[in-house]
Every structure is written in structure tokens, then in C-alpha cells.
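Let us walk through this structure one part at a time. Keep the sequence and the model side by side as you read.

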Number of protein chains: 2
Amino acid sequence: MINTLLLPELREMLAENDVAGLADFCEAMHPARAAEFMEGLTAEETWGVLKAADPDRRVSIFEYLDQQRQVDILETGDPAETSKLITIMAPDDRVDLLKQVEDDTVETLLPLVPTEERRDIARLSQYPEGTAGSLMTTSVARLPESVTVGEAIDELARQTKNHETIYYIYIVDDDNHLRGLISARQLLTHLGTPDERVADIMERDLVTVEATDDQEAVAARVADYNFLAIPVVDHEHHLVGIITHDDVIDVLREEAEEDAYRAGGIAPLEETYLNTPIHTLLWKRGVWLAILLAASFLTVIALQSFDEMLAVVKWIAFFLPLIVSCGGNSGGQSATLIITSLTSGDLQLNDWPRVLLRELTMGLALGTALGAIAYCGALFGVEGPTAVEKLVVPITLVFVVTCGTIVGGALPLIFRRIGLDPALMSNPFVAGIIDITGIVIYMTVCVLMLKQLADPFSG
Amino acid sequence: MINTLLLPELREMLAENDVAGLADFCEAMHPARAAEFMEGLTAEETWGVLKAADPDRRVSIFEYLDQQRQVDILETGDPAETSKLITIMAPDDRVDLLKQVEDDTVETLLPLVPTEERRDIARLSQYPEGTAGSLMTTSVARLPESVTVGEAIDELARQTKNHETIYYIYIVDDDNHLRGLISARQLLTHLGTPDERVADIMERDLVTVEATDDQEAVAARVADYNFLAIPVVDHEHHLVGIITHDDVIDVLREEAEEDAYRAGGIAPLEETYLNTPIHTLLWKRGVWLAILLAASFLTVIALQSFDEMLAVVKWIAFFLPLIVSCGGNSGGQSATLIITSLTSGDLQLNDWPRVLLRELTMGLALGTALGAIAYCGALFGVEGPTAVEKLVVPITLVFVVTCGTIVGGALPLIFRRIGLDPALMSNPFVAGIIDITGIVIYMTVCVLMLKQLADPFSG
């Protein structure tokens, strides 16, 4: 929802080139809110407003703009000015942003960025997407082991403008090996003893992650420990960066979205739904639909092999979609339960006997209950078969639903076991597998039961 | 995964009543890690270890235990001791915990808790689950408007042990109305001017939430602004509490799980999969399966009304599951896309014309592509119908898939419009609706096309 409240005013100030007024607007509210009010402006107008603010404020607001808007500003704005944005931006955010803009723009901008920042960009760019390294910021409050509490507080006051968080200060030795952590909170409690050595009061047993670790595991760790930030180290335990709580929130949201897409049988999108080009969406959906279609051709082949029975007992076909959908739904439920529990860490691979026992029990119970309901429905709603013949439906449902819950429960575990993402075993895939099994079960029950029923008469 | 590394050692120390050794264990590492190492112990053993630690450390570790373990300790431990845990615990966490233990235990414990904490528990308990009030802590660093920077830092150093976060300090007037916010970071930058009034440098334009606001909306707001905490106010703008970043992370994880369950057609669980009693799981799954089964009885009735055609052209039945599953899968994809985008706020209700246009386009394109693949499959894999008759399948698929994408895209929007949670329109429901539509479309195409084809021969 675009907030249009201040748009006329902003446009008027832009038209009158009222720099003081625009600067006031930028200073008056939280940068996130200022960014919100500018959503309705064009990229050019937004840049016009931002130029009125002082450089730090400009960057604060810029960082809250939509990424697409940020890209547009970099690609259309004056490089001499926009390169300053890059210089001041948070190290992790600017690397993400530069990955989105045209190569030409990057080539124009980078030479205008001071050497130190340029090196930092190059260093961070080398970590692949989805690793701790790609998520971290190199802007860390770090101090040597020798400082005292008083010196640390003074140094912190000096550094406060430079770092994303100053509430955790990392203590490193001369070779930048991570030695310990002291929180601003601990420093405050030792305010009375400014000559105390930080090394004597710091935490030494730190939870760290490596730059090559998977971002999802890192996020889970920060969330479990309620940390504000977690230090990232390399193989030799050098401090290379930190990942802050707000980046963890972004990862958790992103991963939740990806899992939702996978569960729906769509390859995850990089952009929002409306910003993703139609042809990309078509591809991300079509691939899976085509695979699922190929799988469901097996149902055609299976049914074809029972064609005589379908021709003789025509009511068998009436129940086909019902049986297939019951199996798919119960299997999908099991898959959802197991995938969600595996993702959250509530369930481990070695719990598999308990999972299978639970799913077996549930399959039998749910199958019996659904079978009973379906039988009542068939008794009153379907003409043709006798009441005894209609027993085919509930008996089939017990088998199909049980098969559904066991397959749905087991497949994600098997996928995890062989090292694949269990989320790949999404509902449509489980349903696809159960479709074909369900049809074979149904036809088999029909063959057995309807023959049995027919025998006494023919015999 | 239970970490068994230190279990033998801990048990030995317990057996020998080695209080010093156990206290060392509790102090040696991050409380979260100590809690992890104790996962393999019984509740009684865990409590034995914790008793060796000093009260603050004891609570820090206790807060990282599984909630079930916490409940067990409260219900079996000595009330004189466990009531001290309650007294020191974070206000929001202890209220959540007390909601889980037996009423008898609560009645025994509460009288042993000091009056002030007991009142706080009563106050927080009144907010319903899922509101900002139920999520907040009342433990807030607050200072009057009149303080100077120097006084604020001194006061903060004194308060540091009492509050969950001291990095945001809230400034209130004499009636506890929220007036402003100063961060520990801002205080540090003004370290050189200790006589400056805090009121002159604090932020006044604050983003706040009300205690009755929905927790999901609150979490989204904190995440959007990258806040460490957000103040919670009542209708008269009195400061009643704060919600901290770690609670926001918990909400985001919880909501993601709930959405995943809903998408799979399961009522969300309060416990983990393995801890949920079977009968609860049966109920949470069975209700939706029964509703879906009732819906799929419509497919039985629909097919029954086309029984003559099914008897005459027997290959029609072969494609039933394939067509139904194609429609369900493409509709499920659309529903997933729209629900996820609505949840994340990327999509608004008034985007509906663009959504429908996109889904129409995609439905036609995907339907044509899938139809082409299915036609090739039918040409080579199915005997009986002529190549022209087999055109029924691709033509049906274009209609069914388009119908699927439009229904899947529109239903969540309609649900949002009439004030219901769009996530209720989960994949199985969309599939259920498309099952019946798909069958009617298929039968109609058959009636039209196969009659057309038959006419020239019979005429």
C-alpha cells in the first residue's frame, strides 16, 4: 500500500527546489518511515529528495528503499554522487545491491569508491549466495586484548558512527584471531572500575560460525541463542565479520517463503510475485507441472490395464477422483508435518521408527473414519451397486489413506537421509505418487471383492 | 539430536553431590549451551544440576530448556526453590510458562512469589494469545524526561541486571506517558557532554504498537524497521512494555510453521509433532480430511450424471485422475503464490486486476504446454481413441489449468477481502474445488467434441 499523504508536498518542494524543506522532511522521522512516504515518487524524484539530506541521513533512508528503487537510482543518478552512497552503505547491503545493478553501472561506480571500501566489496563478493559470508557485514567493533574498560568505552564512543552494532565488541589479538566478546551492557556494569582490563571480564567461550556455513543453519543458531549478532570466522579463527539480528530475521522470512513455494510445487522466486517476469514464472511453475504430468501418465496406463473391469462395472469410475484425492490429501498432510518438523529441528532422522508407527496408526484410524463417511455417502448417493458391493469404497480408503500417510511420512525422511532437501518432497509430489498407488489399490480391491461377490452367484 | 558428551560426567557429579563441580559446569559456557548438554538428563537430574548454580545463572540456563522440561521441573521441584525461578525469570517468559503448568502447581507457587512480580504476572496474563500484550515484557529501562546524559548512563549501569535489553531507554513523563527514546549508542556519542539533557537529544517520533495489536503485524513492523525492540503502549499512550528482537524471531518462526501446516490442510499444532498426542493429531487432520471428502463427493455425483458417456466411451475414464491432478497442481501453485505474497505484504488487495490478468495468461500458457505434452503421451501411450478424438485431452487441459490458476489466484484475494485469513484457502481446498470443476469441464468437452466427431459418420 503506497502512502500518498506527503506526495503533493514533496513534489511541490522538489518543483520549488526547496532544499531546506526537503532536508527537514528527511530529518523529521525514522528513516524507514521517510522511505515509506517516498514510495509513490519516481526514482528520479526520490533521488532529488535524498540529495537534500546530509550524506549519513541520505544513506539511512536509501537503505530502507525497495531494492528495485535502489537499483534505479544507481543506474540513473550522477555516479559522482551515487558512488558516495556505496561508500557509506553497510558492507553487506552494498554487496547485495551491486549484484543487482547492470555491470556497466558497477564499472562506472567502483573506481569512484575509496580503495578500502572497494577491497571490502571485492572480499565480500567472493562468498556464494546462501552462505554466512554472503550475509555478514565486515563493519565490526573490535578492540585489542590489552584495553581497559575506560579505554573501551571511549573507543566505542568514537566508533559508534561506523558500525552497524556497537552493542557487542569483539576482542582480537594482534593477528586478528577472535579471543573474546564483551557486550556494551557488561562494560556499563563495570563503569565504576575504568582501569579493569577488558580481557579479564570478557566472555571467552564464544559461539561462532564459519564464513562458508549455510545461512539457514546460522539463522537458526542466532535465533536459538537470542543473540544480537554472531561472529563469523575463517578456518584459522580470524574474525572476518558479524551477522546481525536484522539479517537473521531477513533470512528466516526468506527461507519461510522458499519453503512455502516448494510445498506448493514452485521453484522459489528471487523477486516478488508482481515483479517476476511472466516468462520466469511460467518456467518456475511449468517445469514442475510437466514433471507431475509425466508422473500422472502412469495413472492413465494403470487404468488402461484395468479397462475391462471399468467397462463391466461402470460405477467404479465414479469413485476414482474421490479415492485419489483422499490419498493425496492425507499423504500431503503427513509430508507437511514431517518436512516442517525436520526444518524446525523438532524431528531428527533417528526418530524414524516413531514417525512410521505414528503415521501407520494415523493412516489406519483416518482411513477407517473416512471410509465410514464415504460408505454412508455411497449408500445414499450412488445408484447401481449393492450395499455389499459398495464396501469396496471404504476398504480401499483404509488402504489408500494408510499408504498415503506412510509414503508422505517416509519420503521426506528418505530425502534427508540421502542428503537432499526434504522440502523437495512437496505435497504435489507426494500426491502424484499416491495417485498411482491409490489406483492400483482400488483396482485390486475391486478385482478381489467384486469377484468374490460374483462367485457365489455364478458358482 | 541429544548431546551425550557430558552426560556421564554430570551424572557422576550428581551421584557424588559435587556441588562445586556442577556450579563450574553451569558457569563455564553460554547458558544456551549448558542447557543443550543437559537435554539427555531427566527433569530431576537437570534440577539437581541447576541447584548448584547461583540463582541468576540458574534462571539463565533454565530459560533455555525445552518448555516441557521447564514444566516438569516446576511440577516436581520444591516450590520454595522453584518459586524463586519464577521471581527472577523474564516477565513474558514466566507468564507463558505458567500457562502450561497444572493449576495446582500455579496455586502453590504464586503465593511464594513476591507481590510486585505476582501483580506483573496477573497484568500480563490478561492479554489474549497472539496479541502484542502477550508477547511483551514489562521489564523496560525507563527514565524521566529531566535526566542528563551522565545521570542516564549511571542509572543504566545500575539497571543493567534487571532488564532484558538496556540498549534502548524509554523516556516517560510523570504519568508514564511515552515521550521518547534514546539508544545506548546515542548516549555513548554524547559521553563528552554529561550535563546535556536527554530530552534534547532523544528521538521523539517513535514507532509504537498497542497491546491489543496482532503479534504477526507487530513482528512484521519490527522486522521492517530493523529495531532491537518496539515499545508497547495502551490507548492513552502509557508505556506498558516492549517487544524485543528475539521474541519477534520466535513469532516469525511460529507463524511460518502455522502457514506451512495450513497450506498442507492441517490445523496448526501447539506442540511439536512427536509431542502432540495421537488423538489431537487425528482430530487436527481428520476434520479437514472429512470436509475435503465431503467436497469430493460432488465429483462422484458429477460423474454419475455422465454415466452413459463413460459406459459408451470407456477411455474417457483413463484420463480422469490426470486431468484432475493437473488442475489441482496448477491451482495450488497459484494459491501458494498469492497467499505467500499477501502474507509477506508484497501484494495488496487492490492489485487484483493485475493478479487475475497474470493468472489468466499463465493458465492459458501452461494449459497449452501441458496439453501438448499430454497429447503426445496420449498419441503413443493410449489405444482406442483416434488421434482426433484424443484432442479432447489437450483442449480440456487448457480450460482446466486456466480455471485452476484463476480460481487459485482469486480465492485467497476474496478471503482477504471478506476478512478471512487467505491461508485458509490452502492447496487441498483449491484442489478440491478444481476437482469438481475439472470433471464438469472434461465431460462437457467430451460431449461436444465426441458428438461432433460422431456426427459426420452417423449423418
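This is a predicted model: local features need pLDDT of at least 70, side-chain atom pairs count only at pLDDT 80 or more; totals for chains, interfaces and linings use all residues.

Start in chain A. Here 3 strands make an open sheet, in the order β1-β2-β3 (chain A). The pairing in this sheet is mixed. Its edge strands are β1 (142-144) and β3 (178-183) of chain A, and each of them pairs on one side only. From one strand to the next, the twist averages 35°. Look at β1(A) and strand β2 (residues 168-172) of chain A. They pair in the parallel sense, over 3 bridges.

Now move to chain B. Strand β2 (residues 168-172) of chain B runs antiparallel to strand β3 (residues 178-183) of chain B, and 5 bridges join them. V172(B) faces its opposite residue, L178(B), in β3(B). β2(B) and β3(B) form a hairpin, with 5 residues between them. In the turn, N176(B) has a positive phi of about 70°.

Further along chain B comes an open sheet of 3 strands, ordered β4-β5-β6 (chain B), and its pairing is mixed. β4 (209-210) and β6 (239-244) of chain B stand at the edges. Each has a single partner strand, so one side of each is left without a neighbour in the sheet. Strand β5 (residues 229-233) of chain B pairs with β6(B) in the antiparallel sense, over 5 bridges. Within this pair, A229(B) stands opposite T244(B) in β6(B).

Which helices pack on this sheet? One is helix α15 (residues 215-225) of chain B, which touches β4, β5 and β6 of chain B. The direction of α15 makes about 140° with that of β5(B). Another is helix α16 (residues 245-263) of chain B, which touches β5 and β6 of chain B. The direction of α16 makes about 65° with that of β6(B).

Next, a helix pair that joins the two chains. Two packed helices are described by the angle between their axes and the distance between the axes. Helix α17 (residues 278-305) of chain A packs against helix α19 (residues 320-344) of chain B at an angle of about 160°. Their axes are 9 Å apart. That angle makes α17(A) roughly antiparallel to α19(B). The crossing of α17(A) past α19(B) is right-handed. On the α17(A) side, the contact residues include L289(A), L293(A), F297(A) and V300(A). On the α19(B) side, they include P321(B), L322(B), C326(B) and N329(B).

Stay with chain B for F319(B), in the loop between α18 (307-312) and α19 of chain B. Not counting residues up to four places away in sequence, F319(B) touches V300(A) and V393(B). Compare V149(B), 170 residues from F319(B) along the chain: the two C-alpha atoms are separated by 77 Å.

Finally, take helix α21 (residues 392-417) of chain B. At 1.5 Å a residue, its 26 residues should span 38 Å. The end C-alpha atoms of α21 are 37 Å apart, which agrees. Of these 26 residues, 20 are buried, so α21(B) is largely enclosed by the rest of the structure. Just after α21(B), G419(B) takes a positive phi of about 85°.

Terms used: Residues are numbered from 1 along each chain as its sequence is written. Chains are lettered from A and ligands numbered from 1 in the order in which they are written. Two strands pair if DSSP finds at least two bridges between them. Helices (H or I, at least four residues) and strands (E, at least two) are DSSP runs, numbered from the N terminus. Two residues are in contact if their C-beta atoms, placed from the backbone, lie within 7 Å. Axes are lines fitted to C-alpha atoms, for helices over the stretch in contact, and angles run from 0 to 180 degrees between N-to-C directions. The expected span of a helix is 1.5 Å times one less than its number of residues. A residue is buried if 20 or more other C-beta atoms lie within 10 Å of its own, exposed if 12 or fewer, and partly exposed in between; C-beta atoms are placed from the backbone. Angles under 35 degrees count as roughly parallel, over 145 as roughly antiparallel, 65 to 115 as roughly perpendicular and the rest as oblique. A crossing is left-handed if the near helix is turned anticlockwise from the far one by less than a right angle, and right-handed if clockwise.
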